[in-house]
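Please open the model in your viewer and keep the selection tool at hand. The tour below goes from whole chains to single residues, and each stop says what to select.

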Amino acid sequence: MTTHTSPHPTRRLILQGAVSVALIGLGNLPFAPARAAANDKYPEEAFKLKNEADAIKALYGRTAEPSDKIKLDAPEIAENGGVVPISVATTLDKVTSISFFVAENPNALAASYKFPDGTIPAVANRLKMAKTSSVTAIVEADGKLYSATKEVKVTVGGCGG
Amino acid sequence: MAIRRRDFLKSTTAVATSLSLPRLARGAEAASIYDIERFGNARILHTTDTHAQLNPVYFREPSINIGIGEMAGRPPHLVGRAFLERFGIRPDSADAYAFTCVEFEKSAGRFGKLGGFAHLKTLIDRLRSDVGEKHAMLVDGGDLWQGTGLANIMQGRDMVEVANLLGIEAMTGHWEFTYGEQALRDNLEHFKGEFLAQNVFLTEEAAFNDAPAFDKATGRVFKPSIIKELAGHRVAIIGQAFPYVPIAHPKRFTPNWTFGIREEELQKHVDALRGKDKVDAVILLSHNGMDVDLKLASRVTGIDVVLGGHTHDAVPQPIPVKNAAGTTLVTNAGSNGKFLAVLDLALDKGKVGDIRYHLLPVYSELLKPDPAMAELIGKLRAPHVTDWSEKIATPDRLFYRRDNFAGPIDELICTALRTELNAEIALSPGFRWGVTTLSGQPLTMEDVLAETAITYPETYVQEMTGSQIKDVLEDVCDNLFNADPYYQQGGDMVRAGGLSYACSPTNAIGSRISELKLDNGKALSANRHYKVAGWASVNDQQGAAVWDVVAKYLRSGRMLQERLGTGVTLKGVDGNPGIAG
């Protein structure tokens with residue numbers, strides 16, 4: 001990873017790219033880097049559940065309240081449903097985890113990240129979406145759960161104009 | 001910024017009154033409609049969505065353009081008489097003919113064709129010289145390079161030459177991207193103005209591979225804006241390309257680029273122009289489409305005027321939109337060279353004092369074509385004019401495209417596809433470009449190309465189940481009628497041949513389309529397979545180009561014997577002023 005030390009102006013983009021590549025490389029274990037740090041157990045059960053509410057409950061054991069302190073960045077209409085760039089940043093304090101749910105995917109939980117103390121609470125990843133769906137980000141902060149949701153449309157394409 | 005609505009109305013009425021002559025004629029009294037009262041100290045002229053129509057055209061405005069939710073009954077979702085009433089235009093006037101579908105055929109004979117770049121050139125030069133070179137600029141909102149056989153075969157290069165002679169200083173794009181990255185860049189090498197797009201970025205992969213970009217730090221592929229000095233004031237023009245290029249068109253044309261509305265990046269850029277660059281005015285040159293622009297104007301602050309396009313809405317007055325920091329005016333300037341927008345600004349230190357806006361119909365019979373532009377057009381057309389002038393049919397009906405659900409030209413295309421490719425059902429895209437031809441007017445290959453000339457014209461025939469067909473209709477219908485404009489792509493409903501259905505625009509996706517029936521009256525069965533023909537697919541196809549299929553069908557002379565019909569029943573939108581009575 002020579003890019004980490006390079007002063008090249010595209011460093012930010014390259015780093016973003018590198019993170020995504022790393023996640024894809026890890027296949028179904030998107031939280032693996034965090035796992036090493038937090039030494040948590042893989043939430044196998046939560047990843048298997050179909051329904052979003054069930055998966056949130058299995059992962060966190062409670063429900064979340066909407067928060068305007070979460071910035072969920074996702075396209076309104078996906079350019080490619082296979083790799084939809086979705087990112088979250090938050091101004092909430094003491095963030096311990098951020099998870100992504102795609103309600104209409106076969107399994108709602110798409111990715112879950114643990115945040116060790118002192119980590120900037122921001123994460124960008126690319127999610128595979130089967131069809132148009134709401135995407136929900138759950139942020140666990142100071143022992144409480146917060147959420148932000150956005151509709152992402154996956155369309156067959158074709159034009160007008 | 002105060003908007004003097006009364007003044008807008010006054011100017012519209014003045015235009016209407018001076019054109020009450022039975023027939024337009026090039027004369028002093030008629031041409032006075034282009035004498036615009038001087039206002040302010042700067043003038044921005046705006047053309048958009050001309051679709052490369054070099055010569056004057058007939059173009060019928062829609063009789064169905066339904067607005068849903070907050071957009072119901074608001075411009076641009078007003079048609080026919082509702083439109084005339086809203087903007088105070090007399091029904092039998094030239095303006096009624098230019099702006100609406102009311103008595104189109106009758107008026108076409110009286111008022112003639114509109115647009116044409118030689119005529120536009122004359123009008124633009126006149127309006128520039130009225131205020132002086134240092135006080136005027138010309139911008140174009142895109143869809144300048146596509147829409148004719150000539151533009152298609154030249155990959156838009158003809159329009160670059162025309163744009164240079166016309167004096168376009170800044171433009172943004174949509175169909176320009178469908179020539180692919182290389183052709184686009186080659187054309188821009190020759191373009192004397194600036195191509196602006198704040199919302200086109202390198203994909204992460206392309207950035208990683210060091211693909212060319214205007215600004216590698218942000219990943220912006222094109223320059224986002226220019227600052228133009230007008231009357232000693234600094235005016236920023238920001239470009240906003242069509243946000244959904246890789247979705248609406250095959251991705252292969254723009255594999256390295258990612259688009260989107262990019263509100264947040266836009267806001268940052270506006271703030272930087274105001275804060276750091278100390279501009280006195282910010283104009284967004286947009287190809288978002290009017291509904292998207294209206295929503296954007298309510299959320300992004302610091303823009304004085306959105307000069308809009310894409311949805312081909314000819315809206316005579318700017319629509320004021322309030323946001324957290326003030327009011328933004330949103331315009332849309334029609335299509336096919338029919339209109340020239342004139343934005344007069346009273347620029348002051350750090351602000352726009354007031355504005356006047358005129359959307360002038362370009363009545364070609366009132367304007368003497370500019371000789372230099374006429375010569376250039378003749379030269380560009382010369383290699384193909386003989387081939388494309390051959391008469392291939394003389395239909396005894398009006399052909400037009402623009403309407404939410406169907407138009408006779410697409411009925412013709414669908415019938416041609418079904419007949420020539422032996423399919424039960426045909427699907428044809430709901431484009432909003434393409435000219436109108438009058439009953440009894442001979443159709444030439446040039447006319448057929450003006451309805452079909454795209455870089456992915458290949459036809460296809462494929463098996464689809466009834467439920468897949470319904471899904472396609474639902475998907476496209478949501479692009480048109482999603483209650484949130486940011487989820488709309490612009491354009492109209494996919495046209496269906498051999499298939500009738502009912503549509504409830506106010507319903508949600510999945511429940512808008514019902515009562516699907518084949519031509520023989522039989523209900524479409526969800527699990528049965530049907531042979532479906534189409535063109536303009538975002539996937540690779542191998543069939544003959546659609547223009548050849550349509551020309552073959554027309555030459556066979558069968559068109560006149562077959563019944564053409566649209567077969568879409570609308571539900572739940574009774575009384576919507578987006579439907580002409």
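A residue is called buried if 20 or more other C-beta atoms lie within 10 Å of its own, exposed if 12 or fewer do, and partly exposed in between, with the C-beta atoms placed from the backbone. By this count, buried residues make up 41% of the 161 residues in chain A, and of the 581 residues of chain B, 56% are buried.

Before you select anything, note that this is a predicted model, in which local features need pLDDT of at least 70 and side-chain atom pairs count only at pLDDT 80 or more, while totals for chains, interfaces and linings use all residues. Residues are numbered from 1 along each chain as its sequence is written, and chains are lettered from A and ligands numbered from 1 in the order in which they are written.

**Colour by confidence**

Colour both chains by pLDDT, which is the predictor's confidence in each residue, from 0 to 100. Chain A averages a pLDDT of 80, with 72% of its residues scoring at least 70, and over its residues 1-39 the pLDDT is below 50. Chain B averages 93, and 93% of its residues score at least 70, although the pLDDT is below 50 over residues 1-23 of chain B and stays under 50 over residues 25-29. Where pLDDT is low, the predicted coordinates should not be read in detail. For the complex, the predictor gives an ipTM of 0.85 and a pTM of 0.90.

**Select chain A, then chain B**

Switch to a cartoon view, in which helices (H or I, at least four residues) and strands (E, at least two) are DSSP runs, numbered from the N terminus. Chain A has four helices and eight strands, and along the sequence its pattern is α-α-α-α-β-β-β-β-β-β-β-β. Chain B has 18 helices and 23 strands, and its C-alpha trace spans about 70 × 60 × 50 Å along its principal axes.

**Select helix α8 of chain B**

Which residues of helix α8 (residues 157-166) of chain B are buried? They are B:D158, B:M159, B:V160, B:V162, B:A163 and B:L166. What covers them includes α6 (117-131), β2 (136-140), α7 (149-153), α9 (180-190) and α14 of chain B.

**Select helices α14 and α16 of chain B**

Helix α14 (residues 371-389) of chain B packs against helix α16 (residues 445-452) of chain B at an angle of about 105 degrees, with their axes 7 Å apart. Here axes are lines fitted to C-alpha atoms, for helices over the stretch in contact, and angles run from 0 to 180 degrees between N-to-C directions. The two helices α14(B) and α16(B) are therefore roughly perpendicular to each other, a description used for angles of 65 to 115 degrees. Show the side chains of B:D387, B:W388 and B:S389 on α14(B) and of B:M445, B:E446 and B:L449 on α16(B), which make the contact; two residues are in contact if their C-beta atoms, placed from the backbone, lie within 7 Å.

**Finish at B:L417**

Select B:L417, which lies in helix α15 (residues 408-420) of chain B. Is B:L417 buried or exposed? B:L417 is buried, because 29 other C-beta atoms lie within 10 Å. Leaving aside neighbours within four places in sequence, B:L417 is in contact with B:A423, B:A426, B:T459, B:G497, B:A533, B:G534 and B:V549.

Conventions: Angles under 35 degrees count as roughly parallel, over 145 as roughly antiparallel, 65 to 115 as roughly perpendicular and the rest as oblique.
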